[in-house]
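Hi everyone, thanks for making time this morning. I'd like to walk you through one structure, so let me put it up on the screen.

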Amino acid sequence: MYSDVIADFLTRIRNAVSANHKIVEIPASNLKVEMTKILMEQGYILNYKKVEDSAQGTIKIALKYNASTKVPAITKLQRASRPGLRKYSSASEMPRVLNGLGVAIVSTSKGVITGKQAKRDNVGGEVLAYVY
């Protein structure tokens, strides 16, 4: 059993991308589904599907690659806040990832949203991960 489910989620995607897999299966949770929705909305994955095959269920994620060069859309997934050192940010100090080209995934009182949305909605929260 693993204690940091977000790190496990990111590591499974990172490993699948480095092995050039088309689909990765991840044990489901509401937080992971919300993070997956953000990855899809921002164009880092093709599609996802939540499968209710067990009590917990799984998320099947179709990874996105460039058609001609086979370069993955996700170049880096990085965990920001971790169990030993939580990282919180106010709306005014929300981090910019790769000078605005990347995405910060933030858990706020309004749900799991991107850093840009959090800044626009003037809400702070826990910075979960950086994606670019």
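Predicted model: local features only at pLDDT ≥ 70, side-chain atom pairs only at ≥ 80, totals over all residues.

Let's begin in the middle. The largest nonpolar core is made of 26 residues. If you want to find it on screen, look for Phe-9, Ile-13, Met-35, Leu-39, Ile-61, Leu-63 and Ile-105, the residues with the most contacts inside this core. Several elements give two or more residues to it: α1 (5-18), β1 (23-27), α2 (30-41), β3 (58-63), β6 and β8. The largest share, six residues, is from helix α1. There is also a second, separate core, this one of 10 residues, and Ala-80, Ala-104, Val-106 and Ala-118 are among them.

Now for the buried pair, and here I'd like you to look at Arg-79. This arginine is in strand β4, residues 77-79. Is Arg-79 buried or exposed? Its relative accessible area is 17%, and buried means under 20%, so Arg-79 counts as buried. What does its side chain pair with? The side chains of Arg-79 and Asp-4 are joined by a polar contact of 3.0 Å. A polar atom of the Arg-79 side chain also lies 3.3 Å from the backbone oxygen of Leu-128. Setting aside neighbours within four places in sequence, Arg-79 is in contact with Asp-4, Ile-6, Ala-7, Leu-10, Arg-86, Leu-128 and Ala-129.

Let's look at the partner's side of that pair. Asp-4 sits in the segment before α1. At a relative accessible area of 16%, Asp-4 is buried. Apart from neighbours within four places in sequence, Asp-4 is in contact with Arg-79 and Pro-83.

Lys-76 is in the loop between β3 and β4. Its relative accessibility is 37%, and that counts as partly exposed. Leaving out neighbours within four places, Lys-76 is in contact with Tyr-130, Val-131 and Tyr-132. To give you a distance, Lys-76 and Ile-45 are 31 residues apart in sequence, and their C-alpha atoms are 13 Å apart in space.

Next is Tyr-88, which is in strand β5. Tyr-88 counts as exposed, at 59% relative accessibility. Beyond its neighbours within four places in sequence, Tyr-88 is in contact with Gly-125 and Glu-126. Tyr-88 and Ile-13 are 75 residues apart along the chain, with 24 Å between their C-alpha atoms.

Here's something for those of you who like backbone angles. Most residues other than glycine have a negative phi. Where does Asn-99, with a phi near 55 degrees, sit? Asn-99 is in the loop between β5 (88-89) and β6 (103-108). Asn-122 also has a positive phi, near 55 degrees, and this asparagine lies in the loop between α3 (115-120) and β8 (125-131). As for exposure, Asn-99 has 62% relative accessibility and counts as exposed. Asn-122 is exposed too, with a relative accessible area of 62%.

My last stop is the pocket. The largest pocket has a volume of about 170 Å³. How many residues line it? The lining has 13 residues, and Pro-95, Arg-96, Gly-102, Gly-115 and Lys-116 are the ones that lie nearest the centre. β6 and α3 are the elements that give two or more residues to the lining. Helix α3 gives the largest share, three residues. By class, the lining has five nonpolar, five polar and three charged residues.

Conventions:
Residues numbered from 1 in each chain as written. Heavy atoms only, no water. Helix = DSSP H or I, 4+ residues; strand = E, 2+ residues; numbered from the N terminus. Buried < 20%, exposed > 50% of the residue type's maximum accessible area, 1.4 Å probe, protein only. 1 Å grid on protein atoms, 1.4 Å probe; cavity = no way out; pocket = protein on both sides within 12 Å on 5 of 7 lines; lining within 4 Å. Points joined across faces, edges and corners; volume = space filled by probe spheres on them. Nonpolar A, V, L, I, M, F, W, Y, C, P; charged D, E, K, R; others polar. Core = buried A, V, L, I, M, F, W, Y, C linked by side-chain atoms within 4.5 Å. Polar contact = N/O pair within 3.5 Å; in protein donor to acceptor, adjacent residues only side chain to side chain. Contact = heavy atoms within 4.5 Å.
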